[in-house]
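Hi,

Here is the structure I promised to pass on. Have a look at it first, then read my notes below.

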Amino acid sequence: MIPFVDLKAQYHSIAREVDIEMRKVLEQTNFILGEPVAAFEKEFAVFCDSKYCIGVASGTDALHLALRALGIGPGDEVIAPANTFVATVLAISYVGARPVLVDVDPQTFNIDFDDLEKKITPKTKVIVPVHLYGRVLNMDHLMALAKKHGIKVVEDACQAHGAVWEGKKAGSFGTMGCFSFYPGKNLGAYGDAGAIVTSDEALSNSLKMLRNYGSPKKYYHDSQGYNSRLDTLQAAILRVKLKHIVEWNRKRFLNAQLYYGKLRGVGDIILPDIPSIDEHVFHLFVIRTKQRDGLLKFLQDRQVQAGIHYPVPIYALGAYTHLGLTADDYPVTEKLSKEILSLPMYPELLEAQIDEVAGCIRDFFIQ
Ligand SMILES: *Cc1c(COP(=O)(O)O)cnc(C)c1O
């Protein structure tokens, strides 16, 4: 069987160090906002070319608190891509703002800039671009557009730890950048975890209160904040893993190149672009084919795990039917949702395994 992600292989490669660091936390019992949290925040801020990092409980909370910190609420519009994980849009709903969805570009899978411009209104307060599948957006283009219209940018970098645009890290362009450390992400904890990075000191201070019951000091509460802190145990694990992320991202990129070489010209497959190294950290390797459902079943029968990210676009989800949007409004997202297939992708994936996946795909198109 070839798994979609192999978290065990990665744990085994760093087990000694992780076990030592976890034990330290257990011995010190500093479970809530213990010293490893501040240490990780410092290191992750540096990694992201940002001044501050605020550890929170999940990527979803990172997005939610970022919008809260900006004071976004009812009457405001927040723009996000239609092809994303639901959490991007949930965060907008949590603050009571109206999510405005834009279609995506078939080449990059990221926000379509023409559609974005059309959907900006006087009510638009924030754009939440998503560096989907690990590919960083053209941030020059996006930031210029945002500036022109006086709109803030909160990056959803939950799939793009370490991705680089023109020498700068994903998450460092917008007012804030949001990250998830869900176990399967490029930088994953051993449970839920997330973070916000920013270079704005005032926002950093607000976020530190917001994640801790709105409290600047124990039992003093200046605002109605949340209980959304990054766990000390997770921070200790993330500190160990952060030391490996550059190498792991490099391995993902090499695996993407291997897939590319082995799948070029097979059937009607459209392969993802392989931009320059760093611009894409290949959280997912997503191919397209008109025979997606057949190929997915064929791979399953051959013990190869594949996935669809995402099978149901946001506008078609039960949670968002009230927006009254239809597939006709999002031709690219709609088409992609029927053609995309994510192949196994993780740093520890071996060339022999990639060979096997590619062999199965070739067999499918020959049969
Ligand atoms: C994973 C993910 C999130 C949510 O992160 P959680 O840590 O699971 O809450 C948000 N946006 C995108 C694009 C993601 O991939």
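Before the notes, one term: a cavity is a set of grid points where a 1.4 Å probe fits but cannot get out, and a residue lines it if it has an atom within 4 Å of one of those points. Also keep in mind that this is a predicted model.

So, what lines the second largest cavity? The lining is made up of Q107, T108, F109, L132, Y133, R135, P272, D273 and H280. Sorted by class, that gives four nonpolar, three polar and two charged residues. The volume of this second largest cavity is about 50 Å³. It lies between domain 1 (7-242) and domain 2 (245-366), because both domains give residues to its lining.

Searching the whole structure turns up two cavities of 30 Å³ or more.

Now for a pair of helices. The axes of α3 (residues 59-69) and α4 (residues 86-94) come within 8 Å and cross at roughly 35°. On the α3 side, T60, L63, H64, L67 and R68 make the contact, and on the α4 side A87, T88, A91, I92 and Y94 do. By class, this contact has six nonpolar, three polar and one charged residues. The crossing of α3 past α4 is right-handed.

Cheers

Methods
Residues numbered from 1 in each chain as written. Predicted model: local features only at pLDDT ≥ 70, side-chain atom pairs only at ≥ 80, totals over all residues. Heavy atoms only, no water. Axes fitted to C-alpha atoms, helices over the stretch in contact; angles between N-to-C directions. Helix = DSSP H or I, 4+ residues; strand = E, 2+ residues; numbered from the N terminus. Left-handed = near helix turned anticlockwise from the far one by under 90°. Contact = heavy atoms within 4.5 Å. Nonpolar A, V, L, I, M, F, W, Y, C, P; charged D, E, K, R; others polar. 1 Å grid on protein atoms, 1.4 Å probe; cavity = no way out; pocket = protein on both sides within 12 Å on 5 of 7 lines; lining within 4 Å. Points joined across faces, edges and corners; volume = space filled by probe spheres on them. Domains from an automatic or database assignment.
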